[in-house]
Amino acid sequence: MTIEVRVPQLPESVADATLVSWHKQPGDPVARDENLVDLETDKVVLEVPAPMAGILKEIKLADGATVTSGQILALIEEGAAAAAVPGASAPAIMAAAGGTPIAAKDAAKAGSAAPASGPASAAASAAGAGAAKLSPAAKRVAEENKVDTKAVVGSGRDGRVSKSDVVNYLQSQDAPAPTTGEPAAKAPLGAGVGVGARGARAEQRVPMTRLRARIAERMEQAQATQALLTSFNEVDLQSVNELRARYKEPFEKQYGVKLGFMSFFSKACIEALKKFPSVNASVEGNDIVYHEYFDIGIAVSTDRGLIVPILRDADHLSFAEIEKAIANFAGRARAGTITIEELTGGTFTITNGGIFGSLLSTPIVNAPQSAILGMHKIQDRAVVIDGQVVVRPMMYIALTYDHRIIDGREAVQFLVTVKQCLEDPARMVLHV
């Protein structure tokens, strides 16, 4: 019996998706729930599992196709998984790239029509096997640098090869650094002799991924529709550092997670949001919607771009629960297994540019939210306390907000409240 593999139901906020890459080709045996193809939406990469075990009979759509909910992707012939059809992979890939549906028997004919060429056919087979477990970012870097993916050891689930795996392989082979679409750096003035020594002034034009295009759209939307303004303050993190040092080992032993800074900043922001509800609000038409719950977005950087998983009802979470949730989000976001539901909504966002060395920035609001807090690098600086010059671990914090509904007074007092909570963490326990 032939079973159809269809695009899963996409959320209402997602109209369509892009078919990124097939992990199986016509004639390949498939196991139930084995990932067949990756679909990229505006926010995440979705895996489409096999609904049953059998043989992949036909691929209906090629890589790069735009798909919608319920659309047929492939056909599976039910039954015991037989051996793959010899020579099916390479012809199937070539034909599918042209957009023509490929059946297993047609792939077999194409494969048998050309005589086996020993090492050449083996290399093609190896490349197909390696590409089957490539993440989209890893596939792009591998193609740009002509990497034999079979030689790359995957560190992901089920041996999945990530972009970092390909980069590490290139470095171990002493190969040129992988290109990622940026123009090559210019050679220093005076390097080499003659025109040929400078090398080719190459350029690459690559389409934006759906996620990158969506990020660009959201940033433009925020700049065009909101009256954005940024206020700054600085925080002495001496007390937080002392608490983390004092309870580091017992905390990790009891909860199985490290006590980081994000839980302190999340709790401090929640205390400030309770005092200044407009910072937790959003604009819908001519109305201001005051959210009486606190869904805090935590910005996470991935190979594909910046995404913002949501801590639902963060005011009800303990320090340990916040740290566990953030660690879980970060790991699954980078592995591409986070769900769309976990990225939807949010009433306020925290972003930490300090992990990349940023000393000061003006973050852009994650619309339709009305404010975002920017954390930055912690630096030892000389400050005056009680008339004495002392060295303290200081961090600049920034609040970018929509001036249409948040007054400057509220924004400044919000930052002051965050500062007070972090410099005297007992406030977050006593709620004062």
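**Note on the predicted model**

1. Of the chain's 432 residues, 41% count as buried. The model is a predicted one. Its secondary structure comes to 11 helices and 20 strands. Among contacts in the chain with a separation of 6 or more, 64% are between residues 24 or more positions apart.

2. Ser21 is partnered by Asp38 in β4.

3. How many of the 6 residues of strand β4 are buried? The count is 6 of 6, so the strand is largely enclosed by the rest of the structure. For this count, a residue is buried when its relative accessible area is under 20%.

4. The loop between β3 (29–30) and β4 holds Asp33. Phi of Asp33 is near 70°, a positive value in a residue other than glycine. With a relative accessibility of 53%, Asp33 counts as exposed, because the cut-off for exposed is over 50%.

5. Asp386 lies in the loop between β19 (379–385) and β20 (388–402). Is Asp386 buried or exposed? Its relative accessible area is 76%, so Asp386 is exposed.

6. The peptide bond between Ala367 and Pro368 is cis, with omega at about 5°. Pro368 belongs to the loop that runs between β17 (348–352) and β18 (371–375).

7. Helix α8 (residues 262–275) and helix α9 (residues 319–335) have axes that come within 9 Å and cross at roughly 115°. The crossing is right-handed.

8. Which residues of α8 and α9 meet? From α8 come Met262, Ser263, Phe264, Ser266 and Lys267, and from α9 come Phe319, Ile322, Glu323 and Ile326. By type, the residues of this contact are 5 nonpolar, 2 polar and 2 charged.

9. How many disulfides does a search of the whole structure find? The search returns 0. Cys269 is in no disulfide, and the nearest cysteine sulfur, that of Cys421, is 9.2 Å away. Cys421 is likewise in no disulfide, its nearest cysteine sulfur being that of Cys269 at 9.2 Å. A disulfide would need the two sulfur atoms within 2.5 Å.

10. Both of these cysteines are buried. Cys269 has a relative accessible area of 0%, and Cys421 has a relative accessibility of 2%. They count as buried because the limit is under 20%.

How values were computed: Residues numbered from 1 in each chain as written. Predicted model: local features only at pLDDT ≥ 70, side-chain atom pairs only at ≥ 80, totals over all residues. Heavy atoms only, no water. Buried < 20%, exposed > 50% of the residue type's maximum accessible area, 1.4 Å probe, protein only. Helix = DSSP H or I, 4+ residues; strand = E, 2+ residues; numbered from the N terminus. Axes fitted to C-alpha atoms, helices over the stretch in contact; angles between N-to-C directions. Left-handed = near helix turned anticlockwise from the far one by under 90°. Contact = heavy atoms within 4.5 Å. Nonpolar A, V, L, I, M, F, W, Y, C, P; charged D, E, K, R; others polar. Pairing = 2+ DSSP bridges.
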